[in-house]
Amino acid sequence: MVMHIVDRRLNPGSKSLENRQRFLRRAKALVQGAVKKSSQSRDIKDVLEGGEVTIPLDGMDEPRFRREGGTRDMVLPGNKKFVEGDYLPRPNQSGGKGSGAGEGDSEDAFRFVLSRDEFVDLFLDDLELPDLAKRKLAETESEGIQRAGYATSGSPANISISRTVSRALARRVALRRPRKDDIEALEAELAECEDGPRRRELLALLEALKAKAKRIPFIDPIDIRYRRFETVPKPVAQAVMFCLMDVSGSMSEHMKDLAKRFYMLLYVFLKRRYKHVEIVFIRHTDRAEEVDEDTFFHGPASGGTLVSSALVAMNDIVRTRFRPADWNIYAAQASDGDNMTSDSALTGQLLTNNILPVCQFFAYLEVGEAANYTFDMPDSSLWTLYERLRNEGAPLSMRKVSERGEIFPVFQDLFKRRSKQERVA
């Protein structure tokens with residue numbers, strides 16, 4: 001038997017969901033480019049929100065059939081202004097692909113609203129994540145079930161026997177339901193009693209007790225109680241995410257964009273696990289400071305590079321605002337690998353003794369320019385230091401990246417670490 005299923009679900013715009021999905025598949029490259037551009041201007045915390053994106057109208061052209069060749073009869077109106085060989089002036093256009101008033105070429109744009117799931121899926125697809133990882137990260141907040149008292153109706157599997165029996169007992173006592181022992185004692189006395197007024201009295205009393213016992217059932221439907229459950233967000237701990245980045249002159253905009261993608265992906269991962277996630281931005285040259293996100297990525301800075309200054313600032317913030325007993329601490333550091341040689345010893349000491357012991361996860365991302373960055377280049381001073389610490393047993397995750405698609409292996413390490421911890425727990 002052949003079954004044909006027609007999907008007639010509607011999206012919020014009252015248009016066919018199937019048509020919407022077909023459009024997303026056809027214009028995926030354009031919409032994905034718009035998502036990439038939109039994510040560059042978004043705050044890290046807004047990466048999980050849907051929203052409006054803009055794509056050019058050129059990408060909206062659809063294939064169509066036209067008749068070519070053959071004979072066509074056409075009647076064209078004459079004119080009193082032009083003769084054969086004249087050039088026709090270009091008409092003025094407002095909008096479209098013509099010229100505006102005194103301005104260059106303009107082009108209409110098509111605005112398209114993406115849902116949260118569509119935006120996250122396209123954003124993660126741009127980072128070249130495997131489908132399984134995308135599904136894990138794109139999941140919404142999970143809910144748990146907790147007891148919420150009792151109800152007079154529900155599933156038979158949820159009947160509370162203890163509560164039902166206790167209410168039935170209270171009802172029988174209140175209504176003075178005859179006990180089985182009393183009826184049996186009366187029957188025994190009746191069996192030994194000879195015929196006479198006393199026997200007739202016992203018979204009447206026995207019949208009255210049995211009739212009352214029938215009127216007052218042992219368990220009545222009004223006694224039955226069902227356990228009631230309600231869904232609530234799972235009680236999870238809070239987390240803080242420290243973003244550390246070198247903002248000296250050697251860090252280009254491409255490097256900062258790679259770092260932002262990395263921070264966004266880490267935030268998506270943490271937001272899936274924790275209900276409340278704080279973000280702390282620490283930028284540094286030869287000195288470190290806590291700043292807002294806009295200053296973190298776009299604020300000008302100059303000076304040398306001392307990584308220890310960022311670790312000192314993070315350690316001070318943890319001690320004063322984020323006690324490890326109350327917070328799960330995650331840290332992600334992005335740098336081009338530069339650091340003063342004289343600072344290596346202090347950096348290693350701070351990382352080993354102060355930072356790593358309080359962190360759930362610490363990742364170092366060494367970023368480079370895509371055009372001239374190769375993995376066979378000599379290791380930077382910071383990479384050499386961190387690699388030595390990791391070989392000595394420090395829980396560090398390290399990666400070198402020059403393209404967005406190279407970011408995900410860091411999260412493979414993160415997934416492995418978290419799953420191992422959960423199995424041990």
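Predicted model: local features only at pLDDT ≥ 70, side-chain atom pairs only at ≥ 80, totals over all residues.
R388 falls in the class of partly exposed residues, with a relative accessible area of 43%. Side chains of opposite charge can pair when their charged atoms come close.

R323 and D326 make another such pair, with 2.5 Å between their closest N and O atoms. R323 is partly exposed, at a relative accessible area of 48%. D326 is partly exposed as well, and its value is 39%.

## A buried salt bridge and the overall count

How many salt bridges does a search of the whole structure find? The search gives 11. One of the salt bridges joins the side chains of D223 and R171, at 2.8 Å from N to O. This pair links distant parts of the chain: D223 lies in the loop between α7 and β4, R171 lies in helix α5 (residues 161-174), and 52 residues separate them.

Are D223 and R171 buried or exposed? D223 has a relative accessibility of 2%, so it counts as buried, because the limit for buried is under 20%. R171 is buried too, with a relative accessible area of 12%.

Salt bridges can also join up. E189, R198 and E201 are linked in a network of them.

## Helix α7

α7 has 19 residues and reaches 27 Å from its first C-alpha to its last. This is close to the 27 Å expected at 1.5 Å a residue.

L202, L206 and A213 are buried in α7. They cover an arc of only 35° around the axis, so they are on the same side of α7. The face turned away from this buried side carries the exposed residues P197, R200, E207, K214 and R215. The buried residues of α7 pack against α6 (180-192).

## Helix α6

Helix α6 has 13 residues, which should span 18 Å at 1.5 Å a residue.

Which residues of α6 are buried? They are I183, L186 and L190. Their arc around the axis is only 65°, which means that they are on the same side of α6. K180, D181, A191 and E192 are exposed residues on the face of α6 turned away from its buried side. The packing described for α7 is found from this helix too: the buried residues of α6 pack against α7.

## A nonpolar patch on the surface

I161, V165, F218 and I219 form a nonpolar patch on the surface. Together these four residues have about 390 Å² of accessible area.

I219 is partly exposed, with a relative accessible area of 40%, whereas D223 is buried at 2%.

F242 is in strand β5 (residues 238-246). Its relative accessibility is 0%, so F242 counts as buried.

Leaving out residues up to four places away in sequence, F242 touches V280, I282, M314, I317, V318, F322, I329, Y330, A331 and A332. One of these residues, I329, is 87 residues from F242 in sequence. In space, the C-alpha atoms of F242 and I329 are 7.7 Å apart.

## The chain as a whole

The secondary structure of the chain consists of 13 helices and 10 strands. The chain has 425 residues, and buried residues make up 38% of them. Its accessible surface comes to about 26500 Å², and carbon and sulfur atoms account for 51% of that area.

Contacts in the chain can also be sorted by separation in sequence. Among contacts between residues at least 6 apart, 77% join residues at least 24 apart.

Key:
Residues numbered from 1 in each chain as written. Heavy atoms only, no water. Patch = residues over 30% accessible without salt bridge, like charges linked within 9 Å, V, L, I, M, F, W, Y side chains within 5 Å. Areas by Shrake-Rupley, 256 points an atom, 1.4 Å probe, with all protein chains shown as cover. Buried < 20%, exposed > 50% of the residue type's maximum accessible area, 1.4 Å probe, protein only. Helix = DSSP H or I, 4+ residues; strand = E, 2+ residues; numbered from the N terminus. Expected span 1.5 Å × (residues − 1). Arc of directions from axis to C-beta. Contact = heavy atoms within 4.5 Å.
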